[in-house]
Structure formats: C-alpha cells, structure tokens
Amino acid sequence: MPPLPVPTAQDGPHAPDGSEEYETRHVHQVYEHIASHFSATRFKPWPIVERFLNDRPTGSVGLDIGCGNGKYLTVNPNIYMVGSDRRSSNLVRIAHDRKIQDSFVADALDLPHPNTRFDFAISIAVIHHFSSPERRVEAVRRILATLKRPNAAGENGGQALIYVWALEQKSSRRGWSEGDPQDVFVPWVMGKQYMASPASNEPTGTSSCQEDKEQQETPKEVTYQRYYHLYRKSELNDDVVKAGGVVIESGYERDNWWVICSPSGGNPAA
Amino acid sequence: MKILTTNYLACAVKTCKSEPAAFPLHFKDAELAREELELNPEFIKNVLPRIDWPALAQTAAELGFTTLPSQKPENLDEQTMKDLHTLLMETQVMEGKLVCGNCGYEYNIKEGIANFLLPNHLV
C-alpha cells in the first residue's frame, strides 16, 4: 500500500467527509498503532456495561461490536460473546487471548452474522467513530438487525447496549460542552515504551499523527489524532428511533451517553 | 474460531444476507486444535435451544465429527453434554477458510482469528 499523505492533524474541530476511507485514516490506522498502549489503559469494565452483561441469563449468546481488547468478553462466564473489531487486528489479537469467548476482524457495517439470532449485543465507544449521520444510524440499524425479534409467544426481543462519547462533558479535562463543535480530532499521546519495534514505530505516512520534529531520531512520545463525533443529549436516542429501534432505557455515565434498545416488531431490514 | 461461533456466522456480503445458501459458512482446509476448558453444564443446557442444529450438524460433518446426533437431543445425558462441550467450546479452527455457499467468497482464518473484512467491490 502506498503511504497515505499525513494530514495536518490538529486537536479540535474537524470536518469529516463521511467516507469509509476517512475512517480508515483517522480511526482504524490510529488504533492499529496505539493498540498495546490503548489496551493497557482499558482494563476496568464500566459499571453499566458490567450490570447489563451480568443481567443476561445463562446461555445467552451475544455480540460485542467493536470489542477492542475484549475486556467485556469475560465479564460474565455464563454467557457466550462473539467480539469483532475492524479498527485494529492488533487489538483483536489481544481480545482473542481471552479463552472462553471468541473474536475476529469484521466491519460493523458488514457484520458476518445471520439476522435475528442474537440475545443481546453491546457496542461500547464505537459508533462515535463513524463520520457521517447516515453511517452512524446505519451502524445502529445493523446492530438491531442481528437481534431476536419480539414474538407472538410473548418473548421479548434481544437488547443492545450502545455507548458513545458525549459533547456535554464540562467536568472532564477536555471540557467540551453544549454548543461546541461535534466533529473533532482527539489526541492520543503514546509513550515510547508502547512502540512495538523500530520497524513498526514509524507512524509517518501511515496514519494521522504528528511527531515532534526535534525528537525525530528517538521520539519520547508520538501524538496520534483520532476522529470522533461527540453526541448531543438525546442524539443517540434519536438515532435508535431512526434505525427502527425502541429505546428501553438510557442515560449519561462518565462523559458518555448510553442507551439500551431493542428492535421493534416486524422483519429487520436486510 | 470456536465451533459455537460458526453457528452464528453468515456471509458478510449484503446480497447474501437473505440467501439460505449463505448460512452456515463451509470450512475448507481447516486445521483444528483442542483446548481443554471446564465444562459448564448449565451453560450447555441453556445454549442448546439457541443452536441451529441442521447448521451445526453440517459444520460438524465437514470437520469430521461423526458422532453428533442428526436431531437436536431432547435430553442431555452426561456423554452428550461432554461431546457438545468439546465440539462447541473446546474445538478451535486455527487455520483454514470459511466459504460462502452462495457467492463463493472465502474468508481466511489465521492463528485462530478469522477476517471478515470485504474487498471494496463487495461492500
């Protein structure tokens, strides 16, 4: 693959072009580089995700779409979870070492699953990386399509828990709030100890990053920029409805909006 | 790639989604490994009703597991429980391909990890 041009990646507002190629450069390739460092910081399950998974009955089968390092795959040993991620095959390799579950590389918009088979799904901190409103709603629609429908026998449909980053996080160190731009680059500063090897720690030309010019010989750290869409209050719930789903419960936790949703009755969109 | 997972896999190509031939995917050149795991009887008992049995029987036959009953067992005796645990949870496909019976696309499995990303012309 020829080297991709290095964008002028600055923190802050950014206008995405809404394409898959944009996400490849500003999301997937970045995670490929920061996988081991990212994984080392992602070990504690968030309380609402943990509760959701522990509430699933024994023998439930579900998906973790955008599983990253797979930290949620092992929360409840009495359920079966299939994790997938496309951002980074390095992250999936970390996830795959969690023995009692399974994981592979797949795109959230082209999931390799039959429709209406799953008891549940989670997608934590993933959909905010899609770079257009249409792609974000489509991602929710695809998740809902995998879930069991409510049936005539009175059985409930499957449920999905979705988390996205909130625009309203005034108390966080980033300090964004209502009225700020929603499409932004967010830096990930990676220390040298996480760079895999001299051969693979060259971010230039393969990702959206900035390198301190003065330290180009032996950089102490490298800053990568990831694209995010920051969700306004009720925006995620609106997306669920646009995707043909029903909101069961929703809320705000630690700078994130979350929703538990279900497909409405009837046939899923193919 | 565990065998239980394959019971939940279909071709990722959109036009294959509604085609019966796109599920289950078929193994080609599969290299298997077995990793012992503790049996969770309650889990096996509860996962059984969720399994698409004809698809599992087909997958098992392709991989050379010939002892699987042709019908979904009504009652799980100890041996059947153990056999199912071995097949669904302990058996892993480490290398090989998963092939769509509808479009013929082949998904690679390397070091136990399958890759379902599609080339641009199939997205």
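Guide: This is a predicted model. Start with strand β3 of chain B, residues 106-110. Its covered face carries Y107(B) and I109(B). Its uncovered face carries E106(B), N108(B) and K110(B). In a regular strand, side chains alternate between the two faces of the sheet.

Now the partners. β2(B), residues 91-99, pairs with β3(B) in the antiparallel sense, over four bridges. Here G96(B) stands opposite I109(B). The hairpin of β2(B) and β3(B) has six residues between the strands. Within that hairpin, G104(B) takes a positive phi near 85°.

β3(B) and β4(B) also run antiparallel, joined by two bridges. K110(B) has I113(B) in β4(B) as its bridge partner. Two residues lie between the strands of this hairpin, and E111(B) takes a positive phi near 50°.

I113(B) leads on to the interface. In all, 34 residues of chain B are in contact with 35 residues of chain A. The area buried between the two chains is about 2800 Å², and carbon and sulfur atoms give 59% of that. On the chain B side, Y8(B), R50(B) and I113(B) lose the most area to chain A, together 24% of what that side buries.

Polar links are present too. There are 15 residue pairs in polar contact between the chains, counting pairs with both residues at pLDDT 80 or more. The elements of chain B that give two or more residues to this side are α1 (3-6), α2 (41-47) and β4 (113-114). α2(B) gives the most, with four residues. By class, this side has 19 nonpolar, seven polar and eight charged residues. The salt bridges between the chains number two. One of them joins the side chains of K14(B) and D110(A), at 2.8 Å from N to O.

Key
Residues numbered from 1 in each chain as written. Chains lettered and ligands numbered in written order. Predicted model: local features only at pLDDT ≥ 70, side-chain atom pairs only at ≥ 80, totals over all residues. Heavy atoms only, no water. Contact = heavy atoms within 4.5 Å. Buried area = accessible area lost by both parts, 1.4 Å probe. Salt bridge = Lys/Arg side-chain N within 4 Å of Asp/Glu carboxyl O. Polar contact = N/O pair within 3.5 Å; in protein donor to acceptor, adjacent residues only side chain to side chain. Nonpolar A, V, L, I, M, F, W, Y, C, P; charged D, E, K, R; others polar. Buried < 20%, exposed > 50% of the residue type's maximum accessible area, 1.4 Å probe, protein only. Pairing = 2+ DSSP bridges.
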